[in-house]
Amino acid sequence: MAEQVSLDQLKDRQIAVLNKIAYTDMPTKNWHAGDSLYKRVQAADPKLAKELKAAGLDHLVIKDYTNRNDKSGFCAIAYVDPKTGATGMSFRGTEGMDDLLHNPKDMADNTMTASIGVSPQSLEAIAFFEKNEDKSGNNYLFGHSKGGELAAEVYVTNYNNVKEVHTINPQPINPYKLSPDQLAALQRDKFDAIVVNGDIVAWLGTTLYPVRYVKNNGTQDGFFGPHAVDAMLIDKDGNAVIERNPFSGYFGQGIAALLATKILGSVQRHLMLYSFTINVMVRIGNFLVNDLPDLVHKFVDHLKKAIDRFVEFTHEVKNALKEFVGEVVNSVSSWFKKHFNSGYKYATAHPFIQVDTYKLRSYAQRLESINRRLGQIDRRMDSLYTKVGFLDLWNLIQADLFTGESYKLRKCAAYLEETADDFETVERKIMGSL
């Protein structure tokens, strides 16, 4: 009998099993919280149950289970470690990667996540966590593929209440809708992203968290074979073997990953304002839901309907947004500024300000110059693809992903120029009226 392993002592062998159980369609007849996880998995997948037991995880008990595969596609399971009282949650990813056309719900959700950063499944995952979390913060998250992205969504929303996150070949979370503190949270040691050599899903977007690149055991066939959890090479001690040469032996997947990262990264940057707006609305709604239930629930209901139609702003949603902003956000913002924002107090006490528009334009020109140099570096790096050896290709790819003209710098420069123009226009009007 394998020695029982608690959630705070996991090796990669146990992490792989806990990622896989999310794909189990467990029987729900006569189900209740407190059931043995091992027995429920055994009834659905005896082979996986055997792995669960061999990994020393057969002592876990079920806390909650939801399977909406026929509706939104969201599936997740929560379980408790009786040894420590810790709560674990595993989120299911996209099923049947080699047959994508038969997964319309998952693929639609994946597309929304990559483009605008919010999807029905991400909202369901956050709600599932908030329903089942250990209130003391002793929580562990697991997810493969789309499930890894869902685990990341839950983590950045509740990072202070999560001990560890373990993902395998995760779809990247859209970073352009995250706040600075959420981006910083992704850089912490508690966020673990394992990527198997040859997988391309982990590069379908912009990856801004550390990646643990591991060897492929060669057992999985097909273009998406490396994406499987079972493709990970694990040593006799239960740890994944580190890969030093990314995409070695998987040249086709490497080229596909490079193109996908470039294209989706560009799409995400161009939609980042839209993504940020949607994310802010969701976060404000979640923050105020207990204080203003009727108004916020009305707004969130319209938001969910809009998301189901790929976030097309209908007349009702616009009205709900106006009502929400007009009646809640302005009053909350004004109260906050008056009581906590020293800058606001200073501005009211010193209504006259001096602006050096020459410096504003000078700063704008310097930013544009930096941006041009970034573009030149990017073009020079592109010319290296035909000159570097295969072993240096991955280093070049990684460097190339972080260079190029910056949309943010262009916006900053434009803002400074426009601000200078506005101040000079107002100044001329004031002088003309004296």
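Select serine 6 and aspartate 8: their side chains are joined by a polar contact of 2.4 Å. A polar contact here is a pair of N or O atoms within 3.5 Å; within protein, one must be able to donate a hydrogen and the other to accept it, and residues adjacent in sequence count only if both atoms are side-chain atoms. This is a predicted model, in which local features need pLDDT of at least 70 and side-chain atom pairs count only at pLDDT 80 or more, while totals for chains, interfaces and linings use all residues. Residues are numbered from 1 along each chain as its sequence is written, and side-chain values use heavy atoms, with hydrogens and water left out.

Stay on serine 6, which sits in the segment before helix α1. Serine 6 counts as buried because its relative accessibility is 3%; buried means under 20% relative accessible area, exposed over 50%, and partly exposed in between, with a 1.4 Å probe and protein chains only. Leaving out residues up to four places away in sequence, serine 6 touches Asp81, Lys83 and Thr84, where contact means heavy atoms within 4.5 Å.

Next, select arginine 13, in helix α1. Helices (H or I, at least four residues) and strands (E, at least two) are DSSP runs, numbered from the N terminus. Arginine 13 counts as partly exposed, because its relative accessibility is 39%. Residues up to four places away in sequence aside, arginine 13 touches Ala54, Ala55, Ile234 and Gly238.

Now show helix α1 (residues 12-20) together with helix α3 (residues 46-54). They pack at an angle of about 145 degrees, and their axes are 10 Å apart. Axes are lines fitted to C-alpha atoms, for helices over the stretch in contact, and angles run from 0 to 180 degrees between N-to-C directions. On the α1 side the contact is made by Arg13, Val17 and Lys20, and on the α3 side by Leu48, Glu51, Leu52 and Ala54. By class, this contact has four nonpolar, no polar and three charged residues. Ala, Val, Leu, Ile, Met, Phe, Trp, Tyr, Cys and Pro count as nonpolar, Asp, Glu, Lys and Arg as charged, and the others, Gly among them, as polar.

Turn to the sheet. It is open, with seven strands in the order β1-β2-β3-β4-β5-β6-β7 and mixed pairing; two strands pair if DSSP finds at least two bridges between them. At the edges are β1 (61-68) and β7 (211-214), each pairing on one side only. Neighbouring strands are turned against each other by 15 degrees on average, direction ignored. Helix α1 packs on this sheet, touching β2 (74-80), β3 (87-91), β4 (139-144), β5, β6 and β7, and its direction makes about 75 degrees with that of β5.

Zoom in on β5 (residues 164-168) and β6 (residues 191-196). These strands run parallel and are joined by four bridges. Select isoleucine 168 to find its bridge partner in β6, isoleucine 194.

Two loop residues end the tour. Asparagine 169 lies between β5 and α7 (180-186). Its phi is near 45 degrees, a positive value in a residue other than glycine. Asparagine 169 counts as buried because its relative accessibility is 0%. Then select serine 145, in the loop between β4 and α6 (146-157). Serine 145 also has a positive phi, near 60 degrees, and is buried, with a relative accessible area of 2%.
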